[in-house]
Amino acid sequence: MERLDKIIASTGRWSRREVKNLIRQGRVLVDGVPPRSGEEKAEPESAEIMVNGEIITYRRYTWVMLNKPAGYLSATEDGRGKTVLDLLPPELQKQKLFPVGRLDKDTEGLLLLTNQGDLAHDLLSPRHHVDKVYYTRVAGRLTQEDCDAFAAGMTLDDGLVCLPAGLEILSAGAESEARVTLREGKFHQIKRMLAQRGKPVVYLERIAMGNLPLDSTLERGKFRFLTEKEVELLQKA
Ligand code: URA
């Protein structure tokens, strides 16, 4: 059994204070009956909880997809600048969410945030083979040799040994575009790999994690909750 205000706030749509008001206004029903207060307990998996006439689903863990803009750090706290948590509303900031892996400050695109530590850990572990897919623009003409070097697994001049990675050229010219697929996420990895090939990254965006693509309808800087299906997909990955 869980407190009603906790169950309703778990959706991330209302703060505990808002839940209190909703209950006071009689806009919450538990199995058809208005509760007296948010302190009342209910069985989150089986009770039918309605808010404003809509049945809500209890989320034990919260999963959020953020379309990260440049200029935000993938951290939960940083004295020096804005973090991705600053892009979430206060009620979500209270849920102890953390980013699933890091994107550099200037990297954009798909960033997942959650408070489910075990699944987050699995998604990042190279052992679990979850591909992280990026779109990049680089200075210089990408060639088949660059693709071969990525596929063979590069060892960088600074000693970093990289797992075999995918490099698919989308366009080649004075500036080139490519799709990069990694199974790991070492510090500045794509920038370091491409710098070593003499083709420094000009722009980088993550477009997918495993079988979860960045939602193309999600504007830069905006977030949405993952659906239960999407969390299941990640679990299967
Ligand atoms: N590789 C990078 O260099 N930066 C990122 O943000 C992600 C992958």
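**Entry 1: ground rules**

I worked on a predicted model, in which local features need pLDDT of at least 70, side-chain atom pairs count only at pLDDT 80 or more, and totals for chains, interfaces and linings use all residues. Residues are numbered from 1 along each chain as its sequence is written, and side-chain values use heavy atoms, with hydrogens and water left out.

**Entry 2: salt bridges**

I began with charge, since side chains of opposite charge can pair when their charged atoms come close. I took a salt bridge to be a side-chain nitrogen of Lys or Arg within 4 Å of a carboxyl oxygen of Asp or Glu. How many salt bridges does a search of the whole structure find? It finds 18.

I looked up R13 and E54, whose side chains form a salt bridge with N to O at 3.2 Å. This pair links distant parts of the chain, 41 residues apart: R13 is in the loop between α1 (4-9) and α2 (16-24), and E54 is in strand β5 (residues 54-55).

I then checked how covered the two residues are. Buried means under 20% relative accessible area, exposed means over 50%, and partly exposed is in between, with a 1.4 Å probe and protein chains only. R13 is partly exposed at 40%, and E54 is partly exposed at 38%.

**Entry 3: D146**

I turned to D146, which forms a salt bridge with K199. The closest N and O atoms of this pair are 2.6 Å apart. D146 lies in helix α5 (residues 144-152) and K199 in the loop between α6 (189-196) and β12 (201-209), so the pair ties together parts 53 residues apart in sequence.

Is D146 buried or exposed? D146 is buried, with a relative accessible area of 1%. K199 counts as buried too, at 12%.

I also found a polar contact of 2.7 Å between the side chains of D146 and R197. A polar contact is a pair of N or O atoms within 3.5 Å; within protein, one must be able to donate a hydrogen and the other to accept it, and residues adjacent in sequence count only if both atoms are side-chain atoms.

Which residues does D146 touch, not counting residues up to four places away in sequence? I listed R141, L167, R197 and K199. Contact here means heavy atoms within 4.5 Å.

**Entry 4: two further charge entries**

I noted a salt bridge between D158 and R192, with the closest N and O atoms 3.0 Å apart. D158 lies in the loop between α5 and β10 (166-171) and R192 in helix α6, so parts 34 residues apart in sequence are tied together. D158 is exposed at 52%, while R192 is partly exposed at 25%.

I also recorded a network of salt bridges that links R3, D5 and R16.

**Entry 5: strands**

I looked up an open sheet of three strands, with the order β2-β4-β5 and antiparallel pairing. Strands β2 (28-30) and β5 stand at the edges with a single partner strand each, so one side of each is left without a neighbour in the sheet. Two strands pair if DSSP finds at least two bridges between them. Three bridges join β2 to strand β4 (residues 49-51), and the bridge partner of V28 in β4 is V51.

Next I followed strand β8 (residues 108-114), where seven of the seven residues are buried. Six bridges join strand β6 (residues 63-68) to β8 in an antiparallel run, with V64 opposite L113. Strand β7 (residues 98-99) is antiparallel to β8 and joined to it by two bridges; F98 has T114 as its bridge partner in β8. Two bridges join β8 to β12, and these strands run parallel. E108 stands opposite E205 in β12.

**Entry 6: rings**

I searched the whole structure for aromatic pairs, and two turned up. In one of them, the rings of F223 and F225 have centres 6.0 Å apart and planes at 85°, so this pair is edge-to-face. Rings of Phe, Tyr and Trp (its six-membered ring) pair if their centres lie within 6.5 Å; planes under 30 degrees apart count as stacked, over 60 as edge-to-face and the rest as tilted. F223 is partly exposed at 25%, whereas F225 is buried at 18%.

Last, I looked at Y72: the charged end of K82 sits over its ring, 4.7 Å from the centre. A charge sits over a ring if NZ of Lys or CZ of Arg is within 6 Å of the ring centre and within 35 degrees of the ring normal.

Methods:
Helix = DSSP H or I, 4+ residues; strand = E, 2+ residues; numbered from the N terminus.
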